[in-house]
Structures are given as C-alpha cells and as structure tokens.
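This short report describes selected sites in one protein structure. Please have the sequence and the model open while reading.

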Amino acid sequence: MTPASPAAAVPASAPDARFDPARAWFAAQGHLPFPFQEATWAAFAAGRSGLVHAPTGTGKTLAVAIPPMVLAPPGTAALAPPLALLWITPLRALAADTGHALAAAAAALQPHWRVDVRTGDTSSTARARQDRRLPTALVTTPESLTLLLARADWRERFAHLAAAVVDEWHELLSTKRGVQVELALARLRSLHPALPTWGLSATLANLDAALACLAGPRRAATAAIIRGEDRKKIVIDTLRPASIERFPWAGHIGLRLLPEVVRAIDRARTTLVFTNVRSQTEIWYQAILEARPDWAGTIALHHGSLEREARDWVEDGLRHARLRAVVCTSSLDLGVDYAPVEQVLQIGSPKGVGRLLQRAGRSGHRPGATSRITIVPTQALELVEAAAARDAAARRLLEPRQPRVAPLDVLIQHLVTCALGGGFRAEDLLAELRGTTAYATLAESDWRFALDFVVHGGATLNAYPEYRRVVIGDDGIARVPDAQIARRHRMGIGTIVSEPSMTVALQNGRRLGHVEEDFIARLAPGDAFVFAGRTVELVRVHELTAWVRPATKPSALVPRWTGGQMALSSELADATRHLVAEARRGVFASPELQLLRPLLELQARWSQLPEEDEWLIESIATRDGHGLFFYPFAGRLAHLGLATLFAWRLARAAPRTFSLTANDYGFGLLSPTPVPLARGELGRLLAAPDVERDLLAGLNAAELGRRQFRETARIAGLVFQGYPGQPNPARQVQASSALLYQVFADYDPENRLLAQTVREVLDHRLEAPRLALTLARLRGSRAALTRPPRPTPFAFPLLVELFRERFSNESLEARVARMVSELEAAAAT
C-alpha cells in the first residue's frame, strides 16, 4: 500500500485484538482480511477519518463497516442501540444492496443492531417506524439525510452517532449533491467535532482533493488515504463486426451486432448490458427479446424512470441468479453486489476510463474473481476509443473529479434547512460553513447576500412574504416562521433537477414509470411508443398521467430523456489521439486498429492523420456549401464551445452565416461561401483574450442562462414544484423561473445568482476550463491544413450530424447511403 500523501500514512502496528471477532467471521467464510482492510480498521480505531480507494469488488464496504460495529459497546435484546453508523449512498439501488451487506455483518458482529434504509423509495410504514426511533445503522441518500437535518430534534436523533460513511464518493464529488453532503457532514461535526468520516471509491484520480472535501480542510492533514492492492484482474475486449465501413456516422452500426450480443449473452450465466442513455436501454431490450422470444421472463431492463416495484424485481432477480440478462443504464453503475453477474457488455463507447472500470466491476464482484467487460461499438471510430480505453485502463489513467466551489443556490437552500433544524446563529453557521472545502473561502459579500436573500428576499423580492423565509429573532436565532414555508421547503430539498415528467400508467391503474412531459405533449391519442420494455398506445392524458394500453401495432418511437449524451473524457481523448498518431506511423497494434486500418489509411491518403503535437484542419467544398473541419480530439462539449467561438470570431471579421456541428473528435463550420483560413487567421481564432466574452456573444446567452436558471431557482427555493399528487404544471414552473430571471436581469443585474448561472453555463454546459486547456494546447501545436477534394472519413460523421436536423430518419438514411456510395466509388479509383 502506497500512501498518496504524507497524511495518508497508517503506521504498522500489532493487530488490534478488538477486531478478532471480525477476523474469525472472515475465516468462517474461508477468507482473510486484506491488508488495506486491516489498515482501515487500525486508522478508524485511532480516531482518524479517511478515504479508501480500492478496485471494485475487493471489500471496501467491510473495511469501513466493521470498525463502528466492533468498537461499539454490545447491545441488548431489549432495545436496539441508537443510531451509531450513518451510511450515505448516491443511488437508491445501491442503498438497498448496502443495507443487505450491513445487516449480514451486524448479524455476525452486533446481533442487536437494527439496520434500515431511508430513501425516496422507503414506504410510509418504514418512515413512521424510523420517525419513532432511528435504526442503529442507517443507509440513506444525501436528500433524505438533509430532510432529517431539517427536523428540530435532529441533534437528539444523531446524539450517539459514531461514524459517517460516504459510498461512491467520486459519483458525488463534482456535483452539487457533493456540496450538499459536505454541508450535511459539517452539521454533524458541529455536534460531534471528532466524528470519523470515511469515503469509498474505486475510480478517483485526485485523492487529496477528494479527501479534503470529505473530511474538511482543517482535518484533512490528519486523515488517511488507504489504497487497496490493485490485484483485481479485469479483462476488457471489443465485440468487433466482420467489416467496417470507411465512412462512419454516429449509430451507423446500430443493431448490426445484435446477433453477436445475443450469442455473448447465451454463453454466460448472467450478463449486464450497459447503455449510456435510457432510450438505448429500451431499444436494445426490445431487440434482444425479439431475437430470442424464448428468453421472455429471464431478461429485463432497468433504468431510473421505471417504477420502484419494477426496479426491485430486477435487482432481486439479479441477486438470486433468476435473470439471464439485464439491459440497464447508470442506475446499476455503482457498487451493487450481484455476485452471479459473469460479464458486462457496454453498448457504445464508455466515454471515460473510470466509467469503464466501474461498469466492469459489476461482474466478478467479489475478491479474487475476474471482471470482464466487452465494448460493443455503435460506430466505427468507437473502435479507436475502445482500444484507447483498454490502454488507459491498464495504466490506471483515471479522470479527476473537480469539486464545486461555493454554489450560492445550495447555500441558500442550506440556510433555510438549518433554520428549520432548530435554528442557527449567523456567526456560528458561517464558521461551520468555512469548515467545508466548498465554502472555505466564502466571501463575506456572498455570505451577506445569501443571508439577506432568505431573510428579506434580496433587493427585488422583499415585497413578497413567500420569499422572506427566515426570521432572526430577538435572541439572535434564525428560524422559519411559517408552517407553509416549512412544508414547501421540505418538498424542495435536494439538488437533483430533472425535466418535468408524467406518470405512465395502464388503464387498470398499474404504473409503469415516468417519461418527460415534453415527449408526451408531442403524442396524440392512438400513438404508440416503447416504454418499460413493452409497446403501449396513448389513450388519454389526465392530471399529469399518461394513460396507456398495450399496443397491437409495432412502434419505433422511443422516449428521449434530456441530458443523455456523454462527452469523451480528457484522459480518453488523449489516449485516442495517441493511437491515431501511432496509425500515422503505420502502427496498428490492437485488433481494433487492425479492423479500422482501411478507414485510417484512406483518411491519410485523402487528407492526413495528425501527430500528437499537431491538429488537423480540413477545408472541403460540398454540394451544401463550404466546410471547415477541425480535429482537436477534445470531447463534444469542448468542441461545441470551440465551434461557437470560432464561428463568432470569423463572422466578426467578415459577416457570415455558419451551421455548426460537433462530435468527440472534432467540429465543423459550414458556410454558403468559401472561408479563407490563412495562418494569421488561425492565431486570431486561438487568441486567449476575451474567450468567455466571445463565447457568450456567439451563443444565445440569454436563452442558455434562462434554461440554466431553472436549476438555480429550483435549488434556491424560488419556484415551487407542488405537493405530492398535486404538482404544479411544468409550464407554470418554467414560466415562474423565466419571470424571475427577467426580473433579476432588468432590476437587479448584480444579483449573484445571475452571475452563478453564467458561470455554470460556461463551466458545465461548455466545459470552459477544458476549452481553455485545449486552446492552449492548440496554440502550442502545429496546424496541418489540408484541402481534400471530398469529405474524408473524419469529416463524414460531422456532415451527417448536420443532416440529422434537416431530414427525417428515412430521408437521412437515403441521403447518407447515396453519399457513401459516391465516396466509396471515389476511394476505389
């Protein structure tokens, strides 16, 4: 075990005899504790906090679950001990599975402990039981924990807490949910200053930063980073088609590999088939079932929009090896322990090394077992990504997760939560906030803004009582004065903001799940669509429920959920650029590159393959106009930002109209007239000054800001989405947030929530930090400008993305087929 920093060192010492019962339990199952587990036990016993970083399936859960059980005083049969262990998890599916694991450990080590789960799926009966008395070990989500902290009696309920654990910390770290966890842990440390706090992860690069966020900057120096021994064997391969077209486009392989996927499923006892988006899950489930109707009842699908009962049935079927295959999204991504799973199939590129390893770990999820994942490409160039991902995984080139810094909407929500949770004194809460990494450098002016916003409604909303949510009493304690405000706040706790959705239910009342309201709004009664693994027909829409019946006619219509596309990570993009440069030198070392060789050699013949210190630009005249195609290999979001920036700067020099297109490898600007691109012009395009100003000028910044502000307004409690069973219509919620955005823009332009919204548009919708790094790399690289006579294999998928907006699916496929035929004929000469 190699510590990541001086603070991580755990001194060697004689085994602590207090852990002998745990060692005996391991031995009874034929195991010995791993060294990293013993090291974690020793660090915990010494009162330290820490972060355990070990491969999936090697026993991280038991490394941190056992110490609070072993070190706690023995309970009695009369009454389970009060809450001692708090376990925070990002996923409901993971919560249920973790609850089973903790209950098994408690049965052996602390039989009088009671273990329970509290999430959005928890029944009202279980909630009522927990409201009377919390269990000894509670597995919960960030949102459910915050709701508990909003109770006036939270200090009494957490009075005996001995440890807090955050599972899959990498999944939360770079999100506002991560900030929410930081704030919750700071609340708990105000009650227990020495509270041992531990995090678990398998796929983090920036361990020191992750530890500081978890333990707090003041305690990070004494906390431990404990690495598990990386002996886990992971097999990564690719399901390769017999041949590859030299002119690829996104999705062109589509379901062509379905027979190979079916054969792979048939060879294994249990398989997880991961997709990157929910719509793909529905498509692949239907396709597999049509190919093997005899598998009905033994294959299933799982994603977050399905009803809880359906998800529970699938998870139980996996756990007890009743299912041959499950087609799923990230809803089964994390540390869920389904030992029967023998292999994982990944549909499409995983887009990140960490995600690839995380999903691989769903198979062979036990110490000593081999994890196996097979990538199923959906377009030819994903073969390069697959080879690059395998190489990067072998070198453990994991992606860092960058923590959020001082989001004011989360702070505003937290102030109201603390006011509900027994109240707070401003000076005490500010000190508590500055004990977190997220708010360690919180400016005094930002603090005053947030406090004024919840007390008075800020500069523009102070005339409206519903925005004056906190009152500071004569005793100096801030409290929520109104029961209705309290109810509305509890309903809005959390930082997950999704598009408005509607329930989908059969006419007999059985609920299937939820789809976005915008999708249902485009349907008419009688229209059929695929959902929850079946084809249904819309009957009517009533009270935010889409009533459906089984459809007799087939349908290719599949719901689309917002936020689906993933961008290539920086680490995977760099590995992909390296393999392209290798191909330029005639090195095709992997089976994937060998299969792709005809495409890459044609790209080199018609244009060029760039070296790693080079970036390729193609100027191509097409029947639709004149295109400039740039290939930085920096990921789709950064390319969208670069396309916007370049188009704005080119149009500013001479008035032009551009159509923009982007994918993970490059971006294109298509203009009706030729665009000369001299060397000096490239320098102006890459210039560092005013990048963000030019980006916002090139975008419809007001509209993007208005959309992003919906999230800010919801988290900050400015709009109310309604009570259970009585949600406000989506249009009303959207109109309310849009109106508030306009009021702030017109009458309070210095409002800090507006500034945060602009920052989030740049950083998270356009990846401005990554864009800046890409610009710096391009300025230091050679530009290779070529003028191919026709679209190249690299340019072709970018052109197809433009055509998607102009043609129906049928027209698009006909147009693409004609272009491919013409280009293949040219390539043969």
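Predicted model: local features only at pLDDT ≥ 70, side-chain atom pairs only at ≥ 80, totals over all residues.

Apart from neighbours within four places in sequence, the residues in contact with Asp121 are Arg92, Arg308 and Arg311.

## Packing of α25 and α28

Helix α25 spans residues 691–698 and helix α28 spans residues 752–765. Their axes are 11 Å apart and meet at an angle of about 95°. The two helices, α25 and α28, are therefore roughly perpendicular to each other, since angles of 65 to 115 degrees fall in that class.

On the α25 side, the contact is made by Glu692, Leu695 and Leu696. Helix α28 contributes Val758, Arg759 and Leu762. Sorted by class, the contact of α25 with α28 has 4 nonpolar and 2 charged residues, and no polar ones.

## Pro797 in helix α30

Pro797 belongs to helix α30, which covers residues 796–804. With a relative accessibility of 3%, Pro797 counts as buried because the value is under 20%.

When neighbours within four places in sequence are set aside, Pro797 is in contact with Pro248, Trp249 and Asn663. Gln286 is 511 residues from Pro797 along the chain, and the C-alpha atoms of these two residues are separated by 27 Å.

Definitions and conventions:
Residues numbered from 1 in each chain as written. Heavy atoms only, no water. Helix = DSSP H or I, 4+ residues; strand = E, 2+ residues; numbered from the N terminus. Buried < 20%, exposed > 50% of the residue type's maximum accessible area, 1.4 Å probe, protein only. Contact = heavy atoms within 4.5 Å. Axes fitted to C-alpha atoms, helices over the stretch in contact; angles between N-to-C directions. Parallel < 35°, antiparallel > 145°, perpendicular 65-115°, else oblique. Nonpolar A, V, L, I, M, F, W, Y, C, P; charged D, E, K, R; others polar.
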